[in-house]
Amino acid sequence: MLHTSRLPAESLGMRLDDVSESARPSATPQTNLPSACQNLLDGIRNFDFSSHDDVDLSMAMLGLRNRAQRLGTDEILPEAFALVNEAISRNLDIQAVEEQLIAGFHLLRGTIVQMNAGEGKTIAAAFPAVVHAIGGSSVHIITANDYLAARDAELLAPVYHSLGISVGAILGYMEDDERRRTYQKGIVYSTMRELGFDFLRDNLKFNAEDKVQGKLEVAIIDEVDHALIDEAFTPMIISGRPISDKRSIARVKNIVVEMIRLQREVTQDLAGQLSKPGLESCDLTRILAQLLLAEPENPALKEYLAENPAWSKALRTVAGRDYADLTSELFYAIDIDNRYVSLAEKGQDFLEQRLGSFYDGRSIEESLDAVWARRDLTLGERRKKADAINRRLARQYNLGNQVYQTLRAFLLLHRDVDYFITEDSVVLIDRSTGRPKVDCIYQQGLQTALESKEGVTPHQDCETLGQISVEGFIRRYQSICGMTGTASSSSDEFLQKYGLPVAVLAPAQAINRVDLGYKVYLTRSEKLSAIVDQVIACHQAGQPVLVGTPTVERSEELSRLLSEKDIRHNLLNALSCDMEAQTIKDAGKLGAVTVATNMAGRGTDILLEPGLSAAIVGRTVQLIRRLLSEETGPVLVNCYSIKEAGILETELSNSMLFSTTQEKHGGRRQLVVRSSGAEGPGDGRFVVDFSLGLRVIGTEIHDTPRIDLQLNGRSGRQGDFGLTQTILSLEDNLINLRVDGVLKLGKCREVDDAGRTYFAGREVAEHIEAFQRIAEREGEVQRGLMQDYTAVLDLQTGMFYRWRAQVMEAVSQKDFCVAVARENAARLVARHFPQLTSEEYRVQFDCLADEVQLDYGIACSELFGGDFNLLPQELDGLFIGEIERLEDRLGRKEFSGLARQILLQTADELWSGHINELKDCISNQILVTTTHKSAVAHYIRKSFQAWEGFRERVVAQFMSRLLTFPVALALDGYGAGPPDTFRVNDDVKMLIADRPTAVAAAAD
């Protein structure tokens, strides 16, 4: 049972007891609001339901629902918001503030709303949810995990129930019956995973009444930037039987490892050439560019670039311009941004010598054409040979995919960055949140390749029965909106990709957090020592500190350094996520030090311990007293806000032991503190930093500023004091490629108390933000490239599922069967008579008759010699005649049931093969194509050729299975009654399921 007391009221809104009249929506409105928002707030003030009892409130909502059905929701919006507001205050003892009402309005209009941490997104979502629900739409509120879905549904259940609206949560443990009942409720909380997999599972079912989900109408998404941008192309996959061969995987691994070893010998030789005296500039450039392509992490290359940082950009240009020449000595090339690996010609030759041809199937396809051209073989014999060739072709393409995935596993994925090992298994890490993705595995053989690399028990890759990306699924909703603390930096991408504008809402309370910006040290070691020194200083003063790191590896490195200094701290990363709740609970306590990956920056609120400010001030006063007792000079105290300076100055003055003066110093306040009665200015040798609230220290910048903003947003929550600073080095990612821009800022160079040189100031911040904007744009481009591949399968998935739903819901299948018969007849005639000549007519007709007899059990020799132009109509007449005889024998309803079952099962079997064909095609295109555009263009062309082939196979195999279905066996062998009582029962379904095996055996 989940209790609402576990959710702090501060994260939702303001307790009624804590709200002054001026803070209530009925009081003075905000200024400078868009007119629509201001009109809504004014309208809400016109309604007062405080005198209504619970029954009256429910009746008012019932009347509102009726009017909404008649007039539309726009007409009743202010009254609906006022009713929800009253229900919240009455049931939760929380008064929604204007910012939450405005957020609700924007969400209702299909907008991405940016709200700071602790501003009450959970309550804000209730307003549009209720309005959509009374308008008759089903509402899905999508949260980050099952815990939040259950918590929010239970928390708001009294509100919804008091308004006559049902609510529930779809959770991972639920079975179909419970899911179906929950989906019928007006408002449903769940995760993207549960909703997406229910969608896929529903589209594998054979009867409409077995589905659980219902319509996808309204989606309100929490942490929407993570869902729709970071995770947009993450596939949700329903898997079937294993398809990979462990022996083949081991063989490919050994050969790829050998090739990697040979390439490293090449890179060692290249690195050795860098030390040769008298090396010409052009030769130096060539060697470095080759190293950049062959091994971007090569130590000699990194050392050279650290000493000559301005070369990074130039080398990238050379590597792209002279790619063919530079890779002539290499086996493979790694994309400079570590996105993919491409085989060089030398690598292709090496692998083909050991594995055989695997990246070009043209020779096999030509042999397939030759088999079909042979007239000395019967149709059955040709099919048997063609099936063997097709299996060989499939193995070849799968081999190419294994090579590609093994190269990715060894060269692009890194332990404790992309994944970690636990209990003989590989667990993926979410790069955006730092959390383990325990329910996710890499697809297309990459997981198996990674497990093989790490020596853990490999899991065989499985066939894909259904797949859709997060973006592809969410686009199935009629209305989308969402909330997050960081959306503005991705506003263009939201608008271009989803058509969703972003609205940034001001916080309900003024922000007292101070953002100090960036300090950029020369080396990583200096950066780390500066971070440790700052943590020690904060720890002594009692100020809680949160240090954000990008990876498990980095967090553990910093943890070791703090342990060496005897600083007690909590470590939060993917390896310790089971302690996340307790770690976050402790992170706001006096003297707490927390080192965390990005998981501490999303979906979590760090609450400050009561009395924290007073305790920090007390410790700071004690520290100043001790320092003054050791020296005669004053102590200089840096304060980063006027308020904080005033608080400390008041406390020092009240003690009667100190005399203080306040000065401006470099954009901040500085208190000069002396012992009472001390004379002379003194040297001021001791400098103390003073700040209140949570201090956040960032240790690297990310490809997108959203992640950095999420981390900083943990501090200064709901008007709390706080301070943030990001401490970097010139060796960090993003900066090291453009380091010359920072080095030119000589006037921004400073030296800290330990003698370490760093760069800081407005111009430094502008440079770093420019780097990040470039990286953000590159990230958008990269996501666009991924979308090129993902969108094709999502599009075809949508087409297939729509067609499948039409088949499932159709009362009669007769019209469809007739249309299929005509299409099959026309296709058969067109294929067997590509051109009509009198001398070949008999041969062509005999081939047609053989196929019709073999596949459909129909003799069509009587059509020989007739008018050729009428042959398609005469052949479809034979097909339709068989269909009508089958319908007469079974009965109309039973015939439709059998046809539906055969059609859906045939389509599902072939769809699985189609998906796997497309995925193998992607891997092979990336592996052997150096430019993305040509790879995508080829893939799109192949994918739609594959779609047409898939569709033709469904039509042909369905008609063949229907017309040759053993009805007599179903009636006699399985104890069915007379024809008019025939049913597509489980036994008949087994006959259909076994049919592919029976056909294959016959072909052999």
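Modeller: In this predicted model, strand β12, residues 425-429, is joined to β13 by two bridges, and the two strands run antiparallel. The pairing belongs to an open sheet of three strands, ordered β11-β12-β13, with antiparallel pairing. Because β11 (419-422) and β13 (436-437) each have a single partner strand, they stand at the edges, and one side of each is left without a neighbour in the sheet. In general, strands of a sheet pair through backbone hydrogen bonds, in either a parallel or an antiparallel manner.

Helix α3 (residues 77-92) and helix α6 (residues 146-162) have axes that come within 9 Å and cross at roughly 130°. That angle makes α3 oblique to α6, and the crossing of α3 past α6 is right-handed. On the α3 side, the residues involved are A87, I88, N91 and L92, which meet L155, L156, P158, V159 and S162 of α6. By class, the residues of this contact comprise seven nonpolar and two polar, with no charged residue.

As for the whole, the protein chain contains 35 helices and 28 strands. Of its 1004 residues, 53% count as buried. Among contacts in the protein chain with a separation of 6 or more, 74% are between residues 24 or more positions apart.

Conventions:
Residues are numbered from 1 along each chain as its sequence is written. This is a predicted model: local features need pLDDT of at least 70, side-chain atom pairs count only at pLDDT 80 or more; totals for chains, interfaces and linings use all residues. Side-chain values use heavy atoms; hydrogens and water are left out. Axes are lines fitted to C-alpha atoms, for helices over the stretch in contact, and angles run from 0 to 180 degrees between N-to-C directions. Helices (H or I, at least four residues) and strands (E, at least two) are DSSP runs, numbered from the N terminus. Angles under 35 degrees count as roughly parallel, over 145 as roughly antiparallel, 65 to 115 as roughly perpendicular and the rest as oblique. A crossing is left-handed if the near helix is turned anticlockwise from the far one by less than a right angle, and right-handed if clockwise. Contact means heavy atoms within 4.5 Å. Ala, Val, Leu, Ile, Met, Phe, Trp, Tyr, Cys and Pro count as nonpolar, Asp, Glu, Lys and Arg as charged, and the others, Gly among them, as polar. Two strands pair if DSSP finds at least two bridges between them. Buried means under 20% relative accessible area, exposed over 50%, partly exposed in between (1.4 Å probe, protein chains only).
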